[in-house]
Amino acid sequence: MTMVRTPPPLPVRDKAAARALSPMLNRLAEERATGVLVREHGTLYLAEGRVVHAESPLAPGLDVLLTAHGTLATAAWQRAAAAAEGPLLAAELLLESGLLPAGALELCHLDALYDAGYFALAPSSTPGRFHYDGAPRTGPLPSVPVVALERETLRRRLQLHRLWPDPAADTAPLIRADPLLPDPGPAPSAPARPARRAPVAPRQRAVLDRVDGTRTAADIARELGRQAFHTLVDVRRLAAAGHLRPLAPVGPVPAAPPPTAPEQARNLPPPLPPVTDPDIALLKRLRDALEAL
């Protein structure tokens with residue numbers, strides 16, 4: 001009896017790995033590395049391959065989320081920050097001293113981590129840099145698997161795209177669209193605006209009231225003490241409803257190009273008529289007459 005061998009199954013490509021936002025970050029997670037990954041729009045702190053902290057200039061930090069709405073007094077955070085190195089150690093010091101409930105701190109910590117992580121994993125024009133740290137440390141605050149951070153980042157990108165697919169309002173200074181003036185229409189790459197503006201919800205009104213032509217969404221998020229992503233949701237909804245728009249960048253006036261050969265010819269005076277032999281004879285007679293005088 002002849003036995004027929006069944007060929008081994010073909011490898012199945014992992015869709016999650018195919019959509020990985022940072023191959024370097026995934027490799028570090030597999031290595032269970034500890035250190036700091038610096039990217040263009042943010043920084044991720046790893047401990048044994050898990051994300052323990054994230055920072056971004058586009059997202060409010062843990063201090064803002066804790067002090068903005070009375071969870072913690074600003075002076076208490078300042079004292080802890082002066083006595084500890086970095087926001088994580090400052091938060092742990094406050095937790096040990098009993099000034100912060102554990103549940104409130106963990107919630108704000110995860111909010112800040114996912115918020116800054118969203119921007120840290122944004123598309124980048126420069127490669128990331130990882131600095132290894134040989135002393136792994138896990139504190140009382142929860143850490144996040146890399147796959148969970150990437151999954152949440154992708155979900156947030158999709159949500160913003162569905163609300164309003166033009167990302168220009170995410171980082172540019174914002175200006176209000178005057179409802180008394182006709183809408184000039186969308187930019188060539190922007191989607192069409194609704195003919196009638198929708199009413200503004202109270203949460204969105206707080207964002208709209210701070211739009212002045214100089215503040216960005218990140219600036220408004222810090223003033224309100226909210227997560228930057230939640231502010232982006234309000235900004236995109238307001239943009240979709242026609243209440244605000246990003247301020248167009250003002251670049252330098254381009255210099256006029258040098259004139260081409262035909263243009264240079266048009267700017268020159270007309271050429272003199274050629275001198276003929278009769279003209280030369282006339283000039284000689286005039287010269288002889290002047291010498292005879």
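The residues lining the second largest pocket split into 9 nonpolar, 3 polar and 3 charged. For these classes, Ala, Val, Leu, Ile, Met, Phe, Trp, Tyr, Cys and Pro go down as nonpolar, Asp, Glu, Lys and Arg as charged, and the others, Gly among them, as polar. The second largest pocket itself has a volume of about 340 Å³. Of its 15 lining residues, Tyr118, Ala122, Pro167, Asp170 and Arg236 sit closest to the centre. Elements giving two or more residues to this lining are α6, α7 and α10, and α7 gives the most, with 3 residues.

A word on where this comes from: the model is predicted, with local features needing pLDDT of at least 70 and side-chain atom pairs counting only at pLDDT 80 or more, while totals for chains, interfaces and linings use all residues. Residues are numbered from 1 along each chain as its sequence is written, and side-chain values use heavy atoms, with hydrogens and water left out.

As for terms, a 1 Å grid is laid over the protein atoms alone; a cavity is a set of points where a 1.4 Å probe fits but cannot get out, a pocket is an open set with protein on both sides within 12 Å along at least five of seven lines, and lining residues have an atom within 4 Å of a point. Points are joined across faces, edges and corners, and a volume is the space filled by probe spheres set on them. Helices are DSSP runs (H or I, at least four residues), numbered from the N terminus.

Now for the helix pairs. Axes are lines fitted to C-alpha atoms over the stretch in contact, and angles run from 0 to 180 degrees between N-to-C directions.

| Helix pair | Axes come within | Crossing angle |
|---|---|---|
| α6 (residues 102-120) and α7 (residues 146-163) | 9 Å | roughly 70° |
| α6 and α10 | 8 Å | roughly 70° |
| α9 (residues 217-224) and α10 (residues 228-240) | 9 Å | roughly 120° |

With 65 to 115 degrees counting as roughly perpendicular, under 35 as roughly parallel, over 145 as roughly antiparallel and the rest as oblique, α6 and α7 are therefore roughly perpendicular. The α6 and α10 pair is roughly perpendicular too, whereas α9 is oblique to α10.

From α9, Ala217, Ile220 and Ala221 meet Ala228, Thr231, Leu232 and Val235 of α10, with 6 nonpolar, 1 polar and no charged residues. The α9 and α10 crossing is right-handed.

How many cavities of 30 Å³ or more are there? The count is 1. The largest cavity has a volume of about 40 Å³, and Leu58, Phe119, Asp170, Thr171, Ala217, Ala218 and Leu232 line it. By class, that lining has 5 nonpolar, 1 polar and 1 charged residues.

Technical notes
A crossing is left-handed if the near helix is turned anticlockwise from the far one by less than a right angle, and right-handed if clockwise. Contact means heavy atoms within 4.5 Å.
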